[in-house]
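I opened my notebook to go through this chain piece by piece.

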Amino acid sequence: MSIQDTIRQQVTDNAVILYMKGTPTFPQCGFSAGAVQILKNLGVNFAAVNVLADPEIRQGIKEFANWPTIPQLYIKGEFIGGSDIMKELYASGELAEMVADLKAE
């Protein structure tokens with residue numbers, strides 16, 4: 001399986017997935033920490049992939065979405081954006097709408 005196939009499967013298998021530097025409990029950059037905080041504030045369960053642990057994933061995810069930066073958020077298989085877009089969507093309430101049916105019980 002190619003790295004693109006692996007990423008495609010991860011994005012498909014997880015309703016909400018965040019490609020980030022570090023882990024949700026120990027983010028390795030401020031942008032990733034902010035992205036995790038937004039998702040926690042929304043009360044949604046999400047999968048996370050630490051791109052620092054796998055150089056192939058780190059490069060592959062940039063190519064997958066044609067987006068040069070990390071973190072990257074996917075909801076229901078769709079690329080949403082990076083931390084700046086997440087902040088804007090969170091502030092406007094749009095991100096909450098996107099995950100309304102995915103809230104943790």
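Which residue takes a positive phi just after α2? I looked it up: G43 does, with a phi of about 70 degrees.

I am reading a predicted model, in which local features need pLDDT of at least 70, side-chain atom pairs count only at pLDDT 80 or more, and totals for chains, interfaces and linings use all residues. Residues are numbered from 1 along each chain as its sequence is written, and side-chain values use heavy atoms, with hydrogens and water left out. Helices (H or I, at least four residues) and strands (E, at least two) are DSSP runs, numbered from the N terminus.

Entry, helix α2. I found α2 at residues 30-42, 13 residues in length. From first C-alpha to last, α2 reaches 18 Å, close to the 18 Å expected at 1.5 Å a residue; the expected span is 1.5 Å times one less than the number of residues. I listed S32, A35, V36, I38, L39 and L42 as buried in α2. Buried means under 20% relative accessible area, exposed over 50%, partly exposed in between (1.4 Å probe, protein chains only). The buried residues of α2 fall within an arc of 155 degrees seen down the axis, so they line one face of the helix. The arc is taken over directions from the helix axis to the C-beta atoms. Their cover includes β1 (16-20), β3 (26-27), β5 (72-75), α4 and α5 (94-99).

Entry, α1 against α3. I checked the axes of α1 (residues 3-13) and α3: they come within 9 Å and cross at roughly 75 degrees. Axes are lines fitted to C-alpha atoms, for helices over the stretch in contact, with angles from 0 to 180 degrees between N-to-C directions. α1 and α3 are therefore roughly perpendicular, a label for 65 to 115 degrees. On the α1 side I noted I3, Q4, T6, I7, R8, Q10 and V11, which meet E56, I57, G60, I61, E63 and F64 in α3. Contact means heavy atoms within 4.5 Å.

Entry, E56. E56 sits in α3 (residues 55-65) and is exposed, at 54% relative accessible area. Its C-alpha is 6.8 Å from that of I3, 53 residues away in sequence.

Entry, S83 and P71. I placed S83 in α4 (residues 83-92), buried at 10% relative accessibility. Beyond neighbours within four places in sequence, S83 contacts F31 and P71. P71 is in the loop between α3 and β5, and the I70 to P71 peptide bond is cis, omega near 15 degrees.

Note on methods: Angles under 35 degrees count as roughly parallel, over 145 as roughly antiparallel, 65 to 115 as roughly perpendicular and the rest as oblique.
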